[in-house]
Amino acid sequence: MRKCTALLLVLAWAGLGTAADEPPTDWIDPATGHRVLRLSREPGTASLYFHQNAYTADGDKMLVTTRDGLATIDLTTLGVKPPKIEKIADGRAFAPVVGKKTRQAFYIRSGSVYATHLDTHVTREIAKLPPGLSGASGLAINADETLLASSGYDPKARELAKPEELQGRRRSMCLFTIDIKTGAIKKFLYGLHWFNHTQFSPTDPTLVLFCHEGTWQDVDRIWTVRTDGTGLRLMHRRTMPMEIAGHEFFSPDGKMIWYDLQTPRSGEFWLAGVNVETGERIRYPIERAHWSVHYNQSYDGKLFAGDGGGPNSVANRSPDNKRLDPPGNGQWIYLFRPRDEKPATIQVGGETVKVGRLDVERLVDLSRHDYRLEPNVRFTPDNKWVVFRSNMHGPTHVYAVEIKKAAGQKKGGPALRIE
């Protein structure tokens, strides 16, 4: 009995627990020496998709989804005492995002767009979405919090297309904006591609980033356009067969668009970026084991994070799509630090591309995580923690790992209990 009790204590201290246990709330990852917190208390709670803003401008609250609504987590005592969690809206919310000016969450529910204040919980309907737009893919909010944007289906795209453009194209889509004050809907771009992952620049209120969704090696994916429909621009042009680029996102200062690049798919891995204004390009090579489903950048621009990849990920397959043996994927939350050195340059497709280097650190062991749930890393506004969602203890919860290693901890050091 004593041996069994001791074993359970060790498992709890290491953050492993047992199937019947409540997941741990505060522990040191024994494989990395970093402190990990479970921020949520209700099973089924998840952080937002990696490029959807989840924070208030003050950085004091973070929006999360629950099984039956939306809630906020108080970040003012993060790492000091258990965070306060407050439910703000009932019912499933699609594509939630937080505005940085008025402390409101914007989301789609039952064919309408709503706004809920994070503090008062006052909710108002902004607009009813017409047929076709009610299944909008993603919801973005602009820098001055006057417009929302998304994509949807509209037959007009096919009406505008030339007969030869319709060959093999089944979709008919548009990008549209919603005036937050009046609810007015304006369609500003039509196309036969699958428009998805709509994002506004965090600093330029009229610049929209979106993608042509689909099989990545078959699409020129990453595009920007103005909200009046002008300035349509392809941000990455493929230069070889089977090249893929995707999971694009803006840097916090709006100057760069970063994305996962593979030349070709499952061959060479890169974290790539392009300057929105100048077109200047930079790439950081990523080892196969460090490849991540999503990357993100700290608010001060000094760090990147990645969420690793499961056994069915592209990192565990060869360029001809065969599963690797031994496995090539790495199931960790990663921290990437750009080296302070002059980057090299290479020529790609007639363009000069800078090539930097990254130092990599493992933050959290996700060997028990089922990657059918994407962790979706994001930094906290103070640049001290990386937030992610995980099912490593069974149910989905929201976690945060401290970037600074716990005092006295070394990689592979003992697991400690922190009260």
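Analyst: Let's start with the terms: a residue is buried under 20% relative accessible area, exposed over 50%, and partly exposed in between. Please keep in mind that this is a predicted model.

User: Thanks! Why is Lys 187 called partly exposed?

Analyst: Its relative accessible area is 34%. That value lies between 20% and 50%, so Lys 187 is partly exposed.

User: What makes Asp 154 and Lys 187 a salt bridge?

Analyst: The N to O distance between their side chains is 2.3 Å. The cut-off is 4 Å, from a side-chain nitrogen of Lys or Arg to a carboxyl oxygen of Asp or Glu, so the pair qualifies. The two residues are 33 apart and link distant parts of the chain. Asp 154 sits in the loop between strand 11 (147-153) and helix 2 (156-160), while Lys 187 is in strand 13 (residues 185-191).

User: And Asp 154, is that residue buried or exposed?

Analyst: Buried: a relative accessible area of 8% falls under the 20% limit.

User: How do you know that Arg 35 and Asp 26 form a salt bridge?

Analyst: Their closest N and O atoms are 2.7 Å apart, and the definition asks for a distance within 4 Å. The pair therefore counts as a salt bridge.

User: Why are Arg 35 and Asp 26 given the class they have?

Analyst: Arg 35 has 13% relative accessibility and Asp 26 has 10%. Each value is under 20%, so Arg 35 is buried, and so is Asp 26.

User: What about Lys 87 and Asp 90: what makes them a salt bridge?

Analyst: Their side chains meet at 3.1 Å, N to O, which is within the 4 Å cut-off. As for accessibility, Lys 87 is partly exposed at 34%, whereas Asp 90 reaches 56%. Because 56% is over 50%, Asp 90 counts as exposed.

User: How many salt bridges does a search of the whole structure find, and which residues are linked in a network?

Analyst: The search finds 19. Asp 58, Asp 60, Lys 61, Glu 86, Arg 103 and Asp 119 are linked in a network of salt bridges.

User: One last topic: how do the residues lining the largest cavity divide?

Analyst: The lining has four nonpolar, one polar and four charged residues. Trp 216, Val 219, Ile 244 and Ala 245 belong to this lining, and Trp, Val, Ile and Ala count as nonpolar. Asp 220, Arg 221, Arg 238 and Glu 243 line the cavity too; Asp, Arg and Glu count as charged.

Conventions
Residues are numbered from 1 along each chain as its sequence is written. This is a predicted model: local features need pLDDT of at least 70, side-chain atom pairs count only at pLDDT 80 or more; totals for chains, interfaces and linings use all residues. Side-chain values use heavy atoms; hydrogens and water are left out. On a 1 Å grid over the protein atoms alone, a cavity is a set of points where a 1.4 Å probe fits but cannot get out, and a pocket is an open set with protein on both sides within 12 Å along at least five of seven lines; lining residues have an atom within 4 Å of a point. Buried means under 20% relative accessible area, exposed over 50%, partly exposed in between (1.4 Å probe, protein chains only). Helices (H or I, at least four residues) and strands (E, at least two) are DSSP runs, numbered from the N terminus.
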